[in-house]
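Here is a short briefing on one protein structure. Keep the sequence and the 3D view open while you read.

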Amino acid sequence: MRNALSIVLFLTLTSFAAAQQFGGPAVPVEKWTGKTIMLIGAHADDDANSHGTLALLQAHGNQVYIVTLTTGNVGTQDPNLSRTQLAEIRRKEELAALSELGIPGDHYINLGYDDGLLEFEDRKAVVENLVRWIRKLRPDVLMAWDPGKNYQRWHKSDHRAAAYLAADAARAAMWRLLFEGQITQEGLKKYMVPEYLFYNDYDHEDENTSVDISAFVDKKVNAFSHYISQYGPGWKHYNPNPPEAEVKQLKDDARSRVRMKDGKPIEGFRYYKGLPDALGK
Ligand SMILES: [Zn+2]
């Protein structure tokens, strides 16, 4: 009996400790201010999962930066668009979307890799590039595709690559002797990212944080309506000035996808705090 009781007590304490360690942030995201937030994504629109949260953070006096790895120069079914044209369109759309969220254009950083083939790039070069931006921006919070809790998470190709590249870069940024030239030649300093918000587009089982985006749903919906080359008829036949009905349809679709929890619109994340080596816990 005494043993059974100790086991119950042990299990209760360890699950409490786990909840403390891997629960949401001590200060809710809705109350964050004065922080630098850096989001790493593969494509223009990867940040759309988090647009309500990004608008909220921007409105609450945080500095939000979006680092997108590829130019998005492949993802179309329109037979008339070239890669160069598509890259230009995706950049314009992303800047318009970020502007709806109040994020300034010079906070959008595109690293220029080719869409669809991110995992075949030279990983060391991409990580070095990301480490440079982490050391420059010194984010309090890094947002990225979730590389997985305990085990790797499957994502479609570029998202899978972006998840690991972001996690690998966060880890590398803290070591002075990795990409040492950035420190000895470029005046940067090593940096350890202290907090993370991982996003994911459809599988929410690892989430431990919900952000109430009630006041920012309209901004999220309006931002999404700028991705006309990625969704709706513009995916097959791009029209830079789509009819109003098409834009309204994009907005309606975006609004219908907003997640609800306890009667409030939310976005969900897996929050992690600590050494990058344990990101998967
Ligand atoms: Zn994407």
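In which strand is Ile109 found? Ile109 sits in strand 3, which covers residues 108-113. The model is predicted.

- Ile109 has 9% relative accessibility and counts as buried, because the cut-off for buried is under 20%.
- Its C-alpha atom is separated from that of Thr68 by 6.2 Å. Along the chain, Ile109 and Thr68 are 41 residues apart.
- Thr68 is also one of the contacts of Ile109, with sequence neighbours within four places left aside. Tyr65, Ile66 and Val67 are in contact with Ile109 too.
- Trp133 and Leu137 complete that contact list.

**Zinc site**
- Three residues supply the protein donors of the zinc ion: His43 through ND1, Asp46 through OD and His159 through NE2.
- These donors lie 2.0 to 2.1 Å from the zinc ion.
- Along the chain, the donors follow the spacing H-x2-D-x112-H.
- Asp46 is in the loop between strand 1 (36-41) and helix 2, while His159 is in helix 5, so the pair ties together parts that are 113 residues apart in sequence.
- Asp46 is buried at 2% relative accessibility. His159 is buried as well, with a relative accessible area of 5%.

**Largest pocket**
- The volume of the largest pocket is about 830 Å³.
- Its lining is made up of 38 residues. Asp45, Ala48, Asn49, Asp201 and Tyr231 lie nearest the centre.
- By class, the lining has 14 nonpolar, twelve polar and twelve charged residues.
- Helix 5 (157-173), helix 7, helix 8 and strand 8 each supply at least two lining residues.
- Strand 8 gives the most to the lining, with four residues.

**Helix 7**
- Helix 7 spans residues 217-224. Its buried residues are Val217, Lys220, Val221, Ala223 and Phe224.
- Seen down the helix axis, these buried residues fall within an arc of 160°, so they line one face of helix 7.
- An α-helix has 3.6 residues a turn, so residues three or four places apart point the same way.
- The buried residues of helix 7 pack against helix 2 (51-59), helix 3 (83-100), helix 8 (244-256) and strand 8 (264-273).

**Gln230 in a loop**
- Gln230 lies in the loop between helix 7 and helix 8.
- It is buried, with a relative accessible area of 17%.
- Gln230 touches Ala44, Asp45, Arg90, Glu93 and Trp235, not counting residues up to four places away in sequence.
- Asp45, one of those contacts, is also among the residues nearest the centre of the largest pocket.

**Positive phi angles**
- Most residues other than glycine have a negative phi.
- Arg138 is not a glycine, yet it has a positive phi of about 50°. Arg138 is placed in the loop between helix 4 (123-137) and strand 4 (141-145).
- Asp262 is not a glycine either, and its phi is positive at about 50°. Asp262 is in the loop between strand 7 (259-261) and strand 8.
- Arg138 is partly exposed, with a relative accessible area of 33%. Asp262 counts as exposed at 76% relative accessibility.

Notes
Residues numbered from 1 in each chain as written. Predicted model: local features only at pLDDT ≥ 70, side-chain atom pairs only at ≥ 80, totals over all residues. Heavy atoms only, no water. Buried < 20%, exposed > 50% of the residue type's maximum accessible area, 1.4 Å probe, protein only. Arc of directions from axis to C-beta. Contact = heavy atoms within 4.5 Å. 1 Å grid on protein atoms, 1.4 Å probe; cavity = no way out; pocket = protein on both sides within 12 Å on 5 of 7 lines; lining within 4 Å. Points joined across faces, edges and corners; volume = space filled by probe spheres on them. Nonpolar A, V, L, I, M, F, W, Y, C, P; charged D, E, K, R; others polar. Donors = N, O, S within 2.8 Å, 3.2 Å for Na, K, Ca; no water.
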